[in-house]
There are 2 protein chains.
Amino acid sequence: MNLKQLSEQLGLSQTTVSRALNGYPEVSEKTRERVRQAALAFNYKPNTRARSLATGRAMAIGHVIPVSTQQEMVNPIFGDFVTGAGEIYSQHGYDMMLSLVPDRDEESFYRDLKIKGNVDGIVVHSPSMDDPRIALLNELGLPYVVHGRASSVTLPYSWVDVANASAFEEMTGHLAGLGHRRIALINGIETLDFAHRRRRGFLHALRDAGLEADDDLMVSSDMTESFGFNETRRMLALPNPPTAFAVASLITALGVRRAIEQAGLTVGRDVSVATFDDDLSYLRNGTEDAPVFSGVRSSVREAGRRVGAILLSRISNPTALPASEMIPFRLVTGTTSGPAPS
Amino acid sequence: MNLKQLSEQLGLSQTTVSRALNGYPEVSEKTRERVRQAALAFNYKPNTRARSLATGRAMAIGHVIPVSTQQEMVNPIFGDFVTGAGEIYSQHGYDMMLSLVPDRDEESFYRDLKIKGNVDGIVVHSPSMDDPRIALLNELGLPYVVHGRASSVTLPYSWVDVANASAFEEMTGHLAGLGHRRIALINGIETLDFAHRRRRGFLHALRDAGLEADDDLMVSSDMTESFGFNETRRMLALPNPPTAFAVASLITALGVRRAIEQAGLTVGRDVSVATFDDDLSYLRNGTEDAPVFSGVRSSVREAGRRVGAILLSRISNPTALPASEMIPFRLVTGTTSGPAPS
DNA sequence: CGCATCCCTCAAAGCGCTTTGGCAAAGGAA
DNA sequence: TTCCTTTGCCAAAGCGCTTTGAGGGATGCG
């Protein structure tokens with residue numbers, strides 16, 4: 001059933017039927033109700049592509065996930081993030097388009113997305129420090145919101161982020177406050193902006209506590225479980241091993257814990273661990289009132305919701321000044337951190 | 001730049017330009033090349049929506065993720081699966097549309113997807129045993145492929161799955177072969193088909209080994225880390241605790257290991273663990289030649305690729321008989337399983 | 001030279017919707 | 001009564017593409 005058929009059924013013009021369904025004032029309430037009933041009865045829904053072509057709006061948001069050809073990891077936070085964003089989209093009748101793009105094709109991919117017109121806006125994932133996509137998207141005039149920030153980019157842009165530096169400063173400060181002098185950093189890839197900020201916060205806290213940074217105790221890579229395990233094992237075998245670990249993700253922290261326990265040490269007594277916790281649905285950190293890992297917690301699903309909301313508002317008002325928003329985090333104390341052994 | 005403008009530039013009709021770019025034979029090689037060059041120079045790409053409207057093909061695949069309102073977990077395999085599927089789509093010029101749909105709205109959502117015409121085909125995720133979506137999609141005539149199977153559904157349908165029953169049979173057999181008599185099953189939600197099959201395989205292996213099933217040692221829930229931890233702790237405190245665990249996912253197995261170690265026992269010596277391993281990119285089970293966990297391994301990303309490929313072939317040939325495919329699995333032996341303690 | 005054939009190109013009709021620009025009928029004011 | 005506003009509806013023109021049906025020009029054949 002299409003618009004033409006429906007209007008013939010009703011003995012009305014396509015114009016009137018379309019206006020009735022889209023809430024335009026030029027049609028009487030009586031007619032509108034009659035049209036509504038008929039649409040329901042025949043299960044009429046306007047064809048998305050035809051409507052998009054006519055209105056110029058695609059009613060879809062693009063999520064472009066860079067797929068690096070060497071390090072081909074899929075970010076584990078991804079599922080929860082898009083769940084949050086998707087909630088907002090569907091409330092407003094938007095669809096979500098997902099594209100996994102080899103990083104070397106990214107620029108032309110964004111260009112084509114604009115030209116081919118299949119999305120109204122874009123979410124930029126995993127920005128690097130001087131991410132070129134921001135300049136590109138500004139130039140293209142395609143609404144977008146960055147999940148995270150790009151420290152070296154001076155152009156204005158919209159973003160949603162968690163205060164990564166403060167979070168790691170607070171988390172590291174917590175460990176230092178417990179008397180730890182040798183604190184290790186197990187970080188994500190530091191060309192990515194979030195990891196860079198976390199390192200900054202970590203170093204800041206060390207300085208505030210009057211501690212020296214030690215290059216042997218700071219590592220950076222994909223945040224896998226085995227990365228946490230391997231590096232922790234290595235560090236614990238050092239002549240002067242760390243007594244505490246600040247870790248970038250719960251998954252990595254699981255590896256850190258495994259290495260500690262395998263070394264015959266007790267987590268929270270011999271060695272302390274604090275981690276960033278994205279509050280993933282399939283990997284809760286204990287329960288709400290009894291967390292297992294100490295660290296900072298911030299919901300990535302909530303970040304997805306906020307990115308979605310801000311992007312939609314930018315689409316409906318493209319000339320507005322760039323907007324940004326901080327997602328709150330919270331220090332939680334679990335059983336994995338305790339006073340430094342004497 | 002649209003088709004009209006491009007054709008004016010070239011002094012040709014829209015017809016000829018369109019045909020030249022789409023490889024129709026009615027246009028001379030010389031003209032075709034000239035058109036190609038111009039398209040490149042002006043960076044012309046046909047508008048997706050207009051093209052879709054004209055051809056009737058959306059050039060997009062829908063992935064519908066049921067979001068249960070109570071148990072709101074996002075499946076951790078999701079990222080890797082869509083990465084595999086997305087690879088195939090982009091090779092063939094298809095886009096991927098992601099929809100997170102509250103389970104009670106699902107039926108009407110599929111209907112609307114068909115009517116509104118925004119996808120050419122659908123991937124059905126997480127089928128239950130008598131999943132109603134299969135009958136619905138058959139009725140709608142929308143091409144689809146199920147990731148997994150629906151045991152109680154007798155209608156023909158296309159699917160891609162791993163041999164879950166055999167996998168768990170082999171895995172459990174491995175544990176029984178090491179002399180374990182008390183083997184626990186930490187399973188996924190058993191209304192979902194894959195978990196049901198795994199239980200069947202588990203029970204089969206017990207029977208073959210002459211062992212009794214014990215309801216106290218078989219649990220089923222969302223495959224989170226804490227689920228594995230809590231249930232393992234409970235079971236280890238039983239008067240007659242298990243000496244081996246068959247686990248449904250690596251994440252859950254991490255929780256199982258944690259509980260074992262926290263009880264002061266050694267994994268692989270006091271208690272053995274074998275797990276299903278989806279080969280997730282962010283959670284590798286050790287390395288290729290040195291796995292940590294024993295168990296069965298099957299790549300969910302490869303499953304995504306195969307689902308994508310089969311779906312596209314069904315779209316291009318909708319009258320073909322339903323196709324199905326098994327993704328292979330492999331028993332791997334790590335350090336978490338060893339002879340039963342005497 | 002006339003006619004049929006093939007090759008290349010074109011104009012125009014759709015795809016299903018929204019939206020512009022009327023136009024009659026009804027109602028109100030003078 | 002006449003004139004002017006609303007009110008409620010419609011015909012038709014797009015949106016940017018593909019595809020049908022047709023035609024002009026060059027070539028080959030008798």
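Guide: This is a predicted model, in which local features need pLDDT of at least 70 and side-chain atom pairs count only at pLDDT 80 or more, while totals for chains, interfaces and linings use all residues. Residues are numbered from 1 along each chain as its sequence is written, with chains lettered from A and ligands numbered from 1 in the order in which they are written.

Visitor: What is the strand order of the open sheet of six strands in chain A, and which strands are its edges?
Guide: The pairing in this open sheet is mixed, and the order is β7-β6-β8-β9-β10-β12. Pairing on one side only marks the edge strands of chain A, β7 (218-220) and β12 (330-332).

Visitor: In what order do the strands of the open sheet of twelve strands lie, and which strands stand at the edges?
Guide: This open sheet has mixed pairing and the order β11(A)-β5(A)-β4(A)-β3(A)-β1(A)-β2(A)-β2(B)-β1(B)-β3(B)-β4(B)-β5(B)-β11(B). Each edge strand has a single partner, so one side of each is left without a neighbour in the sheet; these are β11 (324-327) of chain A and β11 (324-327) of chain B.

Visitor: Which residue of β2(B) stands opposite A:Met97?
Guide: β2(A) and strand β2 of chain B, residues 95-102, run antiparallel and are joined by three bridges. Opposite A:Met97 is B:Met97.

Visitor: What is the bridge partner of B:His147 in β5(B)?
Guide: Strand β4 of chain B (144-147) pairs with strand β5 of chain B (159-162) in the parallel sense, over two bridges. For B:His147, the partner in β5(B) is B:Val160.

Visitor: How many residues does each chain give to the contact of chain A with chain B?
Guide: On the side of chain A, the elements giving two or more residues are α4, α5 (78-91), β2 (95-102), α6 (106-116), α10 and α11 (250-262). That side has 17 nonpolar, 15 polar and ten charged residues, where Ala, Val, Leu, Ile, Met, Phe, Trp, Tyr, Cys and Pro count as nonpolar, Asp, Glu, Lys and Arg as charged, and the others, Gly among them, as polar. The contact takes 42 residues from chain A and 43 from chain B.

Visitor: Are α4(A) and α4(B) parallel or oblique to each other?
Guide: Their axes come within 9 Å and cross at roughly 135°. The contact is made by A:Arg49, A:Ala50, A:Ser52 and A:Leu53 of α4(A) and by B:Arg49, B:Ala50, B:Ser52 and B:Leu53 of α4(B). Angles under 35 degrees count as roughly parallel, over 145 as roughly antiparallel, 65 to 115 as roughly perpendicular and the rest as oblique. The two helices are therefore oblique.

Visitor: How is α2(A) oriented to α3(A)?
Guide: α2(A) packs on helix α3 of chain A (29-41) at about 90°, with the axes 9 Å apart. That makes the two helices roughly perpendicular.

Visitor: Which element gives the most to the surface near DNA strand D?
Guide: A residue is near a strand if its C-beta atom, placed from the backbone, lies within 6 Å of it. DNA strand D is surrounded by 26 residues, the closest being B:Asn2, B:Leu3, B:Ser18, B:Ala50 and B:Ala54. The most, five residues, comes from α4(B).

Visitor: And which element has the largest share of the surface near DNA strand C?
Guide: Of the 26 residues around DNA strand C, those that come nearest are A:Asn2, A:Leu3, A:Ser18, A:Ala54 and B:Glu26. The largest share, five residues, comes from α4(A).

Methods: Two strands pair if DSSP finds at least two bridges between them. Helices (H or I, at least four residues) and strands (E, at least two) are DSSP runs, numbered from the N terminus. Axes are lines fitted to C-alpha atoms, for helices over the stretch in contact, and angles run from 0 to 180 degrees between N-to-C directions. Two residues are in contact if their C-beta atoms, placed from the backbone, lie within 7 Å.
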